[in-house]
Amino acid sequence: MSAIRKLLPAERGQYRAHLLRLDKADRYARFTGTVSDAVIAQRCESLDWTRTTLLGLFDRGALRGAVELCFDRLLWPGAAELAISIEKGFQGRGVGSTLVRRSLTIAANRGIGQVHMMCLSDNTRMRALSRRFGGTMERDGGEFAITIDLPRPSQFSLALEAFEDGAGAMNAVLDGLPALLKAA
């Protein structure tokens, strides 16, 4: 069973394990460069959960795809940065679109007017994904700077986020149910 839900700070180990499972090409695409296991571990350890929302796809209890949404009202007033990573076996199945859509709703509901992303020029999937959500792209050397303008929050967007949070929590409980039944 797969579930999409927000990660809790106690699940930073799941996020680290997910990023470490990315193959060389996907890791390079996610970080727009080469990073070591130690850099990933340090990055996950130093996540500021007051400025970051992580949304992930869990499959059989393991995190297989994630969007990191970073807000910093001083550095980026009214804006946020988004980064996405999907493990090979889960790519091309709509996971990225779902994670990005839900992340954009979360950002809009927090009064964010724009989301920014960076992607390598050869990352056709990310460019297509950004176009799907109305993103504009500006080439910056070997990368594209992507901007997605967001609508103002509405009663619908607030209700949608609340519904999806509830569904994610229920799916997390159901995902852990087989282990609880075995222990009983």
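Predicted model: local features only at pLDDT ≥ 70, side-chain atom pairs only at ≥ 80, totals over all residues.
Local features need pLDDT of at least 70 and side-chain atom pairs count only at pLDDT 80 or more, while totals for chains, interfaces and linings use all residues. Residues are numbered from 1 along each chain as its sequence is written, and side-chain values use heavy atoms, with hydrogens and water left out.

**Sheet**

Seven strands form an open sheet of mixed pairing, in the order β1-β2-β3-β4-β5-β7-β6. Strands (E, at least two residues) and helices (H or I, at least four) are DSSP runs numbered from the N terminus; two strands pair if DSSP finds at least two bridges between them. β1 (2–6) and β6 (136–140) are at the edges with a single partner strand each, so one side of each has no neighbour in the sheet. On average, and with direction ignored, neighbouring strands of this sheet are turned by 20 degrees against each other. Strands β5 (residues 114–120) and β7 (residues 143–149) run antiparallel and are joined by seven bridges. Gln114 stands opposite Asp149 in β7.

Two helices pack on the sheet, as tabulated here. Contact means heavy atoms within 4.5 Å; angles run from 0 to 180 degrees between N-to-C directions, with axes fitted to C-alpha atoms, for helices over the stretch in contact.

| α1 (residues 12–21) | β2 (52–59), β3 (62–71), β4 (79–86) | about 105 degrees with β3 |

**Helix pair**

Helix α2 (residues 24–31) packs against helix α3 (residues 37–45) at an angle of about 45 degrees, and their axes are 13 Å apart. That makes α2 oblique to α3 (under 35 degrees is roughly parallel, over 145 roughly antiparallel, 65 to 115 roughly perpendicular, the rest oblique). Arg27, Arg30 and Phe31 in α2 meet Asp37, Ile40 and Arg43 in α3. By class, this contact of α2 with α3 has two nonpolar, no polar and four charged residues (Ala, Val, Leu, Ile, Met, Phe, Trp, Tyr, Cys and Pro are nonpolar, Asp, Glu, Lys and Arg charged, the others, Gly among them, polar).

**Two buried residues**

Thr53 lies in strand β2 and counts as buried at 17% relative accessibility (buried is under 20% relative accessible area, exposed over 50%, partly exposed in between, with a 1.4 Å probe and protein chains only). Beyond four places in sequence, Thr53 touches Lys6, Val67, Glu68, Leu69, Phe71 and Ile106.

Gly96 is in helix α4 (residues 95–109) and counts as buried at 15% relative accessibility. Leaving aside neighbours within four places in sequence, Gly96 contacts Ile84, Ile86 and Leu129.
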